[in-house]
Amino acid sequence: MLPGLAARAEVQLRCEGTKLEARGSAEQPRPIRRLQFSLALEAEAADTDGALSELQRRLAAVRSALQRLEVQEFRASSPSTWQRPAETARPAAVQASLQVTGRLLPQRLQPLIRQVGALAGVRLSPVSTEADPSQDASVRRELLRRAYGDAQAQARELAGVIGAPRLRPLEVVLDGNEIRPMMMRAVAADAAPPPFDPAELPPPLDRLTMLVRFCAE
């Protein structure tokens, strides 16, 4: 760092009174914009060629069903195979599997679980909720404002206790903006009613924390 810049930094952090630290936090639930899903697709046959052929057939069925649900960002991993050893009353076989991911509108949750989850070889994983990314910047600004206000309120209360009427910020350290998509276990059921309701999913939750150092004088 240049000498002039270093000197200004030292002046900014100098405190002739009492240094206080406060950790502020804020969180914001957000409306559900999309659902992100993943599923495992499996197949089994006596040999590798048969297992891969069956896996390919099942993938075509899954792909077709998801296309009818207007899936977005459909992705299918490359397949993997392994030899399953023989067991009692169960001959050895080759198992093949791959992963499928994508995004859907919330109202497609019920068809995803009931229609896609019921296809042969499909094993659904938890569904996560996603917020509208176009609102990320405005939400982050609001979280910053509220987290700093929280830290400032704590510091002011402590400064009042020690009899220091003037409070000056010295340093702000962000712990990071945490976007926590909430998970729901999506499992196909035998009975259709009641339907899986996307409105019952926990919404995406953005959380931000910061450490603020003040000078109480």
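Visitor: How many aromatic pairs does the count come to here?

Guide: Rings of Phe, Tyr and Trp (its six-membered ring) pair if their centres lie within 6.5 Å; planes under 30 degrees apart are stacked, over 60 edge-to-face, and the rest tilted. By this rule the count comes to 1 aromatic pair. The rings of Tyr 148 and Phe 214 have centres 6.2 Å apart and planes at 45 degrees, so this pair is tilted. As for the ground rules, this is a predicted model, where local features need pLDDT of at least 70 and side-chain atom pairs 80 or more, while totals for chains, interfaces and linings use all residues. Numbering runs from 1 along each chain as its sequence is written, and side-chain values use heavy atoms, leaving out hydrogens and water.

Visitor: Which parts of the chain does the pair link?

Guide: Helices (H or I, at least four residues) and strands (E, at least two) are DSSP runs, numbered from the N terminus. Tyr 148 sits in helix H4 (residues 136-161) and Phe 214 in strand E10 (residues 205-216), 66 residues apart.

Visitor: Is Phe 214 buried or exposed?

Guide: Buried means under 20% relative accessible area, exposed over 50%, and partly exposed in between (1.4 Å probe, protein chains only). Phe 214 is buried, because its relative accessibility is 1%; Tyr 148, at 24%, counts as partly exposed.

Visitor: And what does Asp 175 touch?

Guide: Contact means heavy atoms within 4.5 Å. Not counting residues up to four places away in sequence, Asp 175 touches Arg 23, Thr 209 and Met 210. Asp 175 belongs to strand E8 (residues 167-180), and its C-alpha atom is separated by 5.3 Å from that of Met 210, 35 residues apart along the chain.
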